[in-house]
Amino acid sequence: MSKVSERKESGETERMCIACRTVAPAKSLLRFVRANDGEVLFDAKASAPGRGAYLCADAACLSVAAKRGHFARAFEAPVVFDAQALAIQVKATLMKRAEENLGLAFKVGQCVPGRTKALLQVPTGNCLAIVIAEDLTENSVREIGEMTVPVLPGPDKAKMGHALGRGETGVVALLKGRISEQVMCDLQRSRRV
Ligand SMILES: [Zn+2]
């Protein structure tokens, strides 16, 4: 029996990955649409009209979908795409939006920058995740160590600082809230694409 269109109690819509057929909340997957000329496009907002094809946010599923013609089957039409270029586009789009939303989250108090202050948020129960700059040194990453919340790689220190309107920033805490949830969702999806 298909559970694809079932809604969980939380009201989360679920979709199936066209490659590995895993069913998961739609917002944890990547949605793609087919342009009129057949080009497969990443639908970052998951709101483009027409049929969508969903994939796990994982390079492996993208590669399987490319090799086995899953996109053409899902859209029931010929498609044009370059799997590698598509992966790069997905990653860049998610990272760019995460940067923009980090700035917004900071403005509304859903983001605490700076390692010491950020890590103090973890035990409060109000912290969703810790974001660390992708170019943070290995030593610093090791010092942060295991956390009771997810630790997600983000943009580099310069970009993270720029997004927050301050100098280079290596560590931020995301506090509970709608915007920081979006940042977390985008960073989680971008890490394995
Ligand atoms: Zn999959």
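A nonpolar core is a set of buried Ala, Val, Leu, Ile, Met, Phe, Trp, Tyr and Cys residues joined through side-chain atoms within 4.5 Å. The legends below describe close-up views of a predicted model.

View A. The largest nonpolar core has 27 residues. Leu 30, Phe 32, Leu 55 and Phe 71 have the most contacts inside this core. At least two of its residues come from each of S3, strand S4 (40-42), strand S5 (52-56), H1, helix H2 (70-75) and H3. Another core, of 18 residues, lies apart from the largest one and includes Val 131, Met 160, Leu 164 and Met 184.

**View B. Domain arrangement.** The protein is divided into domain 1, residues 14-81, and domain 2, residues 97-190. Taken over C-alpha atoms, the centres of domain 1 and domain 2 are separated by 29 Å.

**View C. The zinc site.** Four cysteine SG atoms, those of Cys 17, Cys 20, Cys 56 and Cys 61, coordinate the zinc ion at 2.3 Å. The angles among the four donor atoms run from 103 to 113°, and the site is tetrahedral. Along the chain, the donors follow the spacing C-x2-C-x35-C-x4-C. Cys 20 is in the loop between strand S1 (14-16) and strand S2 (23-25), while Cys 61 is in helix H1 (residues 59-67), so this pair ties together parts that are 41 residues apart in sequence. Cys 20 is partly exposed, its relative accessible area being 38%. Cys 61 has 10% relative accessibility and counts as buried, because buried means under 20% relative accessible area.

**View D. His 70 in helix H2.** His 70 is placed in helix H2. With a relative accessibility of 13%, His 70 counts as buried. When neighbours within four places in sequence are left aside, the contacts of His 70 are Ile 18, Ala 19, Val 64 and Ala 65.

**View E. Two non-glycine residues with positive phi.** Arg 21 is not a glycine, yet its phi is positive, at about 65°. Arg 21 belongs to the loop between S1 and S2 and counts as exposed, at 58% relative accessibility. Glu 76, also a residue other than glycine, has a positive phi near 50°. The loop between H2 and H3 holds Glu 76. Glu 76 is exposed, and its relative accessible area is 63%.

**View F. Helix H7 and its packing.** Helix H7 spans residues 178-190, 13 residues in total. From its first C-alpha to its last, H7 reaches 19 Å, close to the 18 Å expected at 1.5 Å a residue. The buried residues of H7 are Ile 179, Ser 180, Val 183, Met 184, Cys 185, Asp 186, Leu 187, Arg 189 and Ser 190.

**View G. Asp 58 in the loop between S5 and H1.** Asp 58 is located in the loop between S5 and H1. Apart from neighbours within four places in sequence, Asp 58 is in contact with Arg 192 and Val 193. Asp 58 and Ser 180 are 122 residues apart along the chain, and 22 Å separate their C-alpha atoms.

View H. Val 149 lies in the loop between helix H5 (138-144) and S8. The residue is buried, with a relative accessible area of 12%. Leaving out neighbours within four places in sequence, Val 149 is in contact with Val 122, Cys 127, Leu 128, Ala 129 and Ile 130. From Val 149 to Leu 55 the distance is 25 Å, C-alpha to C-alpha, and the two are 94 residues apart in sequence.

**View I. His 162 in helix H6.** Helix H6, residues 157-164, contains His 162. At 67% relative accessibility, His 162 counts as exposed. Between the C-alpha atoms of His 162 and Leu 102 the separation is 10.0 Å, and these residues are 60 residues apart along the chain.

Key:
Residues numbered from 1 in each chain as written. Predicted model: local features only at pLDDT ≥ 70, side-chain atom pairs only at ≥ 80, totals over all residues. Heavy atoms only, no water. Helix = DSSP H or I, 4+ residues; strand = E, 2+ residues; numbered from the N terminus. Expected span 1.5 Å × (residues − 1). Buried < 20%, exposed > 50% of the residue type's maximum accessible area, 1.4 Å probe, protein only. Donors = N, O, S within 2.8 Å, 3.2 Å for Na, K, Ca; no water. Tetrahedral: all angles 85-135°; square planar, octahedral: opposite > 155°, others 65-115°. Contact = heavy atoms within 4.5 Å. Domains from an automatic or database assignment.
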